[in-house]
Amino acid sequence: MSRDVTVATIRRRLAEEVGRLDKHAPWRVALAYPSPYRTGMSSLGFLQVYKSIQHEPDMAADRAFLPDDEHGPRAVPLTYESLRPLRDYPVIAMSVAYELETAGVVRLLEASGIKPLREERSSRDPFILAGGPLTNSNPLPLAAFADAIVMGEADTLAVEVLRILRDTPSREAALDALAKTPHVFVPSRHGASMPGIAQCDDELLPAWAPIRTPDTELSNMFLIETERGCSRGCAYCVMRRSTNGGMRIVPKEKILGLIPEDARRIGLVGAAVSDHPKIVEIVRTLAERGCEVGLSSLRPDKLSDEFVGALKLAGYRTLTTAMDGTSERVREILDRRARIRHLERAAEMARKHGMPRMKLYLMIGVPGEEDEDVDECVRFVTELSQKVPIALGIAPFCPKRNTPLAHAPFAGIDVVNARLERLRRGLKGRADVRSTSAKWAWVEAVLAQGGEAEGRAVLEAVHGGGAFAAYKRAFEALTPKKPKKSLSIVASA
């Protein structure tokens, strides 16, 4: 019965897709995403690799996703294009976006009847290839499961790696060949020494998604890059200007020329979309075509009256931007340009252009933050709420590798929760305050700083039920290698 439900869901979704690149080829790879369809089909990187494979002669990609919860715990993942189980493929290529999706890698493989640990698989099993945004920071926990990992931008490198896997006669020979390929990390050959991050040729930009579907987080939205990378130096961000060449801007004419005439919802994607020098012209042109436009990042210091007016014309009902830290002092620690005057002016422009709400993203638990910084946030947001209703989207600070704050400690679950409660009390009745979980932020922080051992602990946590308590037990079991004192400080101090 579970298979029948899965097949019915896949067929319904395929019927609703626009732009799919159907292809027959002698060599097929399973291109998998370790989260459900709704999430995976909102990933521009995943769809860019799909497009690259479909354009390669004699090669094709069959997409697969973690089964939806309603399909039941025993649902076997099937590829969308061929309705085949993943274990039937010579290669499973996975795109992993962030640390907590490591559990999805385990679940996807085990649900497919494939042993997740790489050393437990044989040459008869599919070759597990990983890549995705996580490789810009720390993919070492994935080394427990992946035979090879493509580091950084995989626009063309993924196909190059797949050619090697297709044309090399044995698994061991393929591992040896991949270990000599720039920007490919082979744990069995490299240990914990990761190669540099790949950068694709600027002429290949922008990435754009060939498939539109209503059954995603970004329903029926055509996704396209406006730029890649960032020119800013935010101390917490893996996409800061020192990562992979900084900001590479796509010309306005190229962006507009790639957008299908029938597309009515457009998602402009990038780490710093509002820093594009022609962004106002791009948004206004699309709005005048009758398109609804969404931007993945809006910086408050880039918001002008003309820009906000263009966003309103393009369907924006909530002006969303980044406050980043709880106070001016904390924003200095983060090396952010957002200032009080920028946020005040953004609120004024939101009200002027008839937007009923402004949403601000910020982090809590930043190194050096004190209760006084939270109190400053309460005072400022209270004043701001008199101009326009305010909603706060809060994430606990999580230190990431390849950033200046990589070695900063996680503030601690208790500290984060106490500051969140202080913020909620201070803003009760004045602003809507919502936050991601402090407990899961701690899990993310452990994985962000961890290695292969932490990846194996994820396997134990999944087998233990996958709740936070299972992760805490699994990480504490690493204490012979990681002193318990330091782990307890991270978890609860």
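## Ground rules

Helices (H or I, at least four residues) and strands (E, at least two) are DSSP runs here, numbered from the N terminus. This is a predicted model, where local features need pLDDT of at least 70 and side-chain atom pairs count only at pLDDT 80 or more, while totals for chains, interfaces and linings use all residues. Residues are numbered from 1 along each chain as its sequence is written, and side-chain values use heavy atoms, with hydrogens and water left out.

Let's start with the open sheet: six strands in the order 2-1-3-4-5-6, with mixed pairing. At its edges stand strand 2 (59-65) and strand 6 (184-185), each with a single partner strand, so one side of each has no neighbour in the sheet. Pairing here takes at least two DSSP bridges between two strands. Strand 4 (residues 127-131) and strand 5 (residues 148-150) pair in the parallel sense over two bridges, and Ala130 sits opposite Ile149 in strand 5.

Helix 5 (residues 157-167) packs on this sheet and touches strand 1, strand 2, strand 3, strand 4, strand 5 and strand 6. Its direction makes about 130 degrees with that of strand 1. Helix 3 (residues 44-54) lies across strand 1, strand 2 and strand 3 (91-95), and runs at about 150 degrees to strand 2. For these angles, axes are lines fitted to C-alpha atoms, for helices over the stretch in contact, and values run from 0 to 180 degrees between N-to-C directions.

## Arg28, tucked into strand 1

Arg28 belongs to strand 1 (residues 27-33). Is Arg28 buried or exposed? Arg28 counts as buried because its relative accessible area is 16%; the cut-offs are under 20% for buried, over 50% for exposed and partly exposed in between, with a 1.4 Å probe and protein chains only.

The side chains of Arg28 and Asp62 are joined by a polar contact of 2.6 Å. A polar contact is a pair of N or O atoms within 3.5 Å; within protein, one must be able to donate a hydrogen and the other to accept it, and residues adjacent in sequence count only if both atoms are side-chain atoms. A polar atom of the Arg28 side chain also lies 3.0 Å from the backbone oxygen of Lys23. Beyond its neighbours within four places in sequence, Arg28 has contacts (heavy atoms within 4.5 Å) with residues including Glu81, Ser82, Arg84, Tyr89 and Pro90.

## His190 in helix 7

His190 is part of helix 7 (residues 187-190) and is partly exposed, at 22% relative accessibility. The His190 side chain reaches the backbone oxygen of Ala179 at 3.2 Å. These two residues are eleven apart along the chain, with C-alpha atoms 7.4 Å from each other. Leaving out neighbours within four places in sequence, His190 contacts Ala179, Val184 and Phe185.

## Helix 16 and its cover

Helix 16 (residues 452-463) is next. Its buried residues are Glu454, Gly455, Ala457, Val458, Leu459, Ala461 and Val462, and their cover includes helix 4 (102-111), helix 15 (438-449) and helix 17 (468-476). Just after helix 16, Gly465 adopts a positive phi of about 115 degrees.

## Nonpolar cores

A nonpolar core is a set of buried Ala, Val, Leu, Ile, Met, Phe, Trp, Tyr and Cys residues joined through side-chain atoms within 4.5 Å. The largest has 107 residues, of which Leu268, Leu295, Leu311, Leu319, Leu392 and Leu423 touch the most other members. Helix 15 gives this core its largest share, eight residues. Apart from it lies another core, of 45 residues, including Met59, Ala154, Val161 and Met221.
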